[in-house]
Amino acid sequence: MPTPLRRRLRMARRGAFYGAAIVLVLVALLLAAASQVLPLAESHPEQVAQWLSKRAGRPVAFDKVETQWTRRGPLLRLDGLRVGEGAQAFTIGDAEMLVSIYAGLLPGQSFSELRLKGLDLTLERADDGRWKVRGLPGQTQTDNSDPLSALEGLGELQVIDGKLAVIAPSLGIDARIPKIDLRLRVDGSRLRAGVRAWPTVGVAGAPSTPLDAVLDFDRRRGDGRAYAGATRADLAGWAPLLKIVGIRVEAGQGRAEAWADLRGHRVAAVTVSAALDRVGLRGERPLPVPVSSGAAPVNAAPANASSTTAAARAGATSNLTSNAGAGTPATPASVETATPVATGPDRVEFEHVETLAHWRLTDNGWRFDAPRLRIGSGANVQTLDGLAVAGGERYALRADRIDAGPLIAVAALSDAVPERLRHWFETAKPRVSLSAIALNGRRGGPMFASARIEALGFDAVGTSPGLQGLAGTIEADADGFAIKLDENSPMRFDWPTGFGVVHTVKLQGRVGGWREGGGWRVGTTSLRLRGIDTDFGLVARGGMWFQNDGTRPWIDIATDIDDTPIPVAKGFWIRNRMSPNLIHWLDTALAGGKLRNAHAVVSGDLDDWPFNRNNGLFEASAHLDGAVVKFQPEWPAVDSLNANVRFVADGFSVEGVGKIAGVGIRRIGAGIDHYKDGTLSVAADTSADAAQLQALLKQSPLYKDQADTLDNLRASGAAKVAFDMKLPLIHGSTTQITGTVDLDNAKLADPRWKIAFEQVRGRAEYGRGGFRAEDLAVMHDARRASCRCARARISCAIAAMRSRPGWMRCPAPTN
């Protein structure tokens with residue numbers, strides 16, 4: 001570079017430096033002079049009023065002015081500040097005006113700032129979704145004009161230690177924020193604002209972390225952008241504001257941020273990013289508060305508003321105001337609500353919630369996308385990443401996978417869900433995992449949905465059963481659905497009050513449902529069910545009609561049951577519909593065998609169950625093959641029982657043949673007239689040798705009282721036996737046993753009495769009390785005789801065939 005040019009540049013730099021120094025010295029001298037003459041403004045308030053009027057563009061007046069020089073410039077304290085004249089005049093009250101000499105020289109910065117303290121503002125949402133601010137200076141309840149136009153010329157508006165009420169009747173929100181600091185700048189139609197709000201002030205142990213919010217808004221068009229968030233949020237302090245469809249967020253700590261786009265004075269889009277721990281949600285049941293002399297004020301804060309936090313978190317230092325001089329409130333304050341206190345204890349809590357979600361308005365409604373939505377932590381995390389939902393005139397839902405358990409738990413808190421369904425949500429705790437979810441439709445028009453059910457389940461509640469592990473593929477429209485069940489997915493059926501044991505089965509087939517009347521009918525043309533832990537199976541067809549009127553459904557089902565071991569039936573007693581005595585008898589009586597060719601049909605309103613008054617139909621039939629049944633604990637079991645069994649309404653009957661203690665039974669009949677407090681009846685007929693019958697009686701309860709007689713009696717020959725037993729299924733009842741024995745050319749002998757009868761013919765009766773026989777025809781010592789037996793005593797009348805009849809007492813037994 002040539003030397004002359006370097007010399008000129010050096011001189012230019014020196015000139016610029018000295019020029020800047022001179023300007024700064026002159027400015028300093030000017031400010032020093034201004035600071036000295038500033039107190040003169042207090043004695044010339046009319047000059048100050050004229051200057052303010054010129055900036056505001058309308059008359060400005062005040063009662064008194066005080067001045068103070070600050071590092072940013074002169075500060076004017078104005079008492080009784082009034083703006084405008086005549087009918088357009090309004091009073092602002094005491095205020096401060098800061099003339100920011102330094103910042104005002106920068107582009108985009110305000111030359112003056114108007115500071116107001118203790119201002120009460122209201123943010124209100126109309127039913128059409130428009131938001132409106134009330135309480136600004138110059139604004140009245142009925143004034144629809146722009147209140148900021150009068151303050152625009154006065155510079156930036158700052159509100160220090162203000163209060164804010166948030167009212168949204170359609171959302172059920174009526175809350176008070178005890179402290180806000182606000183900076184608001186108007187530049188023509190553009191409005192820029194920054195807010196810092198505290199949920200509590202001076203409340204020991206309550207959440208106090210502030211919330212920051214920023215707004216850039218076009219007042220005329222109603223367009224703009226907004227931000228609100230806190231990096232160390234404690235949602236317990238903001239619970240009165242966080243409510244929708246009857247669900248209030250009452251706890252949660254962590255980061256929460258939201259960005260919003262505004263269009264036409266409405267929220268057009270929202271983006272939420274949050275990572276929160278211990279998020280608690282509570283469902284509210286509003287009830288009218290009775291009026292009494294000791295009633296709490298309506299706007300009292302609910303007791304649970306901050307119960308989930310043990311200590312308040314420290315708030316960040318405010319950077320929204322300069323030299324604000326925030327005051328200290330006289331009494332503790334917190335965010336309050338005017339809604340009735342929740343009456344129910346319904347609450348759910350999630351260990352961790354993390355989301356990045358977008359919501360926006362569309363031409364026909366709205367759309368919600370959640371690229372990241374996870375609930376829980378560790379192995380219990382529920383993932384809903386990729387969820388997309390659209391609503392409005394046309395609606396749709398898309399998701400790769402949804403674990404709907406947390407969503408159902410939240411839905412159970414909402415007052416938008418019918419009370420009966422909400423109660424079932426709370427008690428049965430339904431859960432379902434879906435994949436490949438697709439739904440779309442038009443409101444009031446067609447709809448189609450499809451999904452893969454990975455696992456569906458719910459708990460048993462009261463007398464209703466529960467299940468777990470149901471899987472399949474579902475397709476549905478507005479009027480019905482069809483499910484193809486996954487035969488490789490085991491399902492657990494749990495009915496504690498009914499079956500009492502859990503059954504694990506596999507299902508194969510299709511189930512459909514469609515609207516019928518005011519309810520839904522669910523049915524199948526063929527549903528195959530096969531037990532996994534027990535050896536049984538069946539094929540069912542038919543369905544149930546859920547009438548949606550609070551009553552039990554109507555049932556129409558027919559089943560064909562596979563060949564099944566009879567003891568398997570012990571796991572299928574409907575225990576809440578059968579007497580304990582009957583269940584005990586069935587559990588001890590059914591010992592073995594096979595159930596074959598079983599069929600059942602049931603039809604009727606389950607409100608009329610068990611259909612024993614011609615008000616429905618329940619009938620089942622089957623064949624017992626080689627069954628082993630112990631009808632009475634003290635008698636031997638009937639084995640090799642081949643019989644037909646028939647169940648009708650609340651009773652059953654059995655007819656067949658079998659064996660008992662090696663004695664063939666040519667006919668056996670059994671049955672129960674009513675399962676609850678009815679009577680079990682057993683009747684049997686057999687023909688056998690008397691010696692076999694004697695051996696059977698030695699294994700019966702009769703042997704206890706007739707042991708001596710049965711041990712010494714020698715019997716042989718043909719005999720026919722009839723047996724009848726009645727067992728009332730009532731606690732404390734006594735079993736009745738009766739029967740007859742018909743002897744034909746039998747032989748009886750008793751060494752104790754030194755008697756022996758041949759060609760014995762006649763009938764003997766027996767029961768729990770022993771034996772009784774009248775006029776048994778016998779041959780004794782080649783003579784015809786008549787023998788009568790009663791209990792253990794035997795008296796005989798012997799008459800010679802050719803002489804007159806005579807009676808003879810049998811000799812006493814010898815030792």
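Leu171 is partly exposed, with a relative accessible area of 31% (buried is under 20%, exposed over 50% and partly exposed in between, with a 1.4 Å probe and protein chains only). This is a predicted model, where local features need pLDDT of at least 70, side-chain atom pairs count only at pLDDT 80 or more, and totals for chains, interfaces and linings use all residues. Residues are numbered from 1 along each chain as its sequence is written, and side-chain values use heavy atoms, without hydrogens and water.

**Around Leu171**
- You will find Leu171 in the loop that runs between strand S8 (156-168) and strand S9 (173-187).
- Together with Trp131, Ile244 and Val245, Leu171 makes a nonpolar surface patch of about 330 Å².

**The second largest pocket**
- About 430 Å³ is the volume of the second largest pocket.
- Its lining counts 21 residues, and Val348, Phe350, Gly405, Pro406 and Ala409 lie nearest the centre.
- Strand S19 (347-362), helix H3 (405-411) and helix H4 (419-428) each give two or more residues to this lining.
- Sorted by class, the lining holds ten nonpolar, five polar and six charged residues.

**Met544**
- Met544 sits in strand S31 (residues 537-546).
- With 22% relative accessibility, Met544 also counts as partly exposed.
- Ile555 is eleven residues from Met544 along the chain, and their C-alpha atoms are 4.4 Å apart.

Terms used:
Patch = residues over 30% accessible without salt bridge, like charges linked within 9 Å, V, L, I, M, F, W, Y side chains within 5 Å. Areas by Shrake-Rupley, 256 points an atom, 1.4 Å probe, with all protein chains shown as cover. Salt bridge = Lys/Arg side-chain N within 4 Å of Asp/Glu carboxyl O. Helix = DSSP H or I, 4+ residues; strand = E, 2+ residues; numbered from the N terminus. 1 Å grid on protein atoms, 1.4 Å probe; cavity = no way out; pocket = protein on both sides within 12 Å on 5 of 7 lines; lining within 4 Å. Points joined across faces, edges and corners; volume = space filled by probe spheres on them. Nonpolar A, V, L, I, M, F, W, Y, C, P; charged D, E, K, R; others polar.
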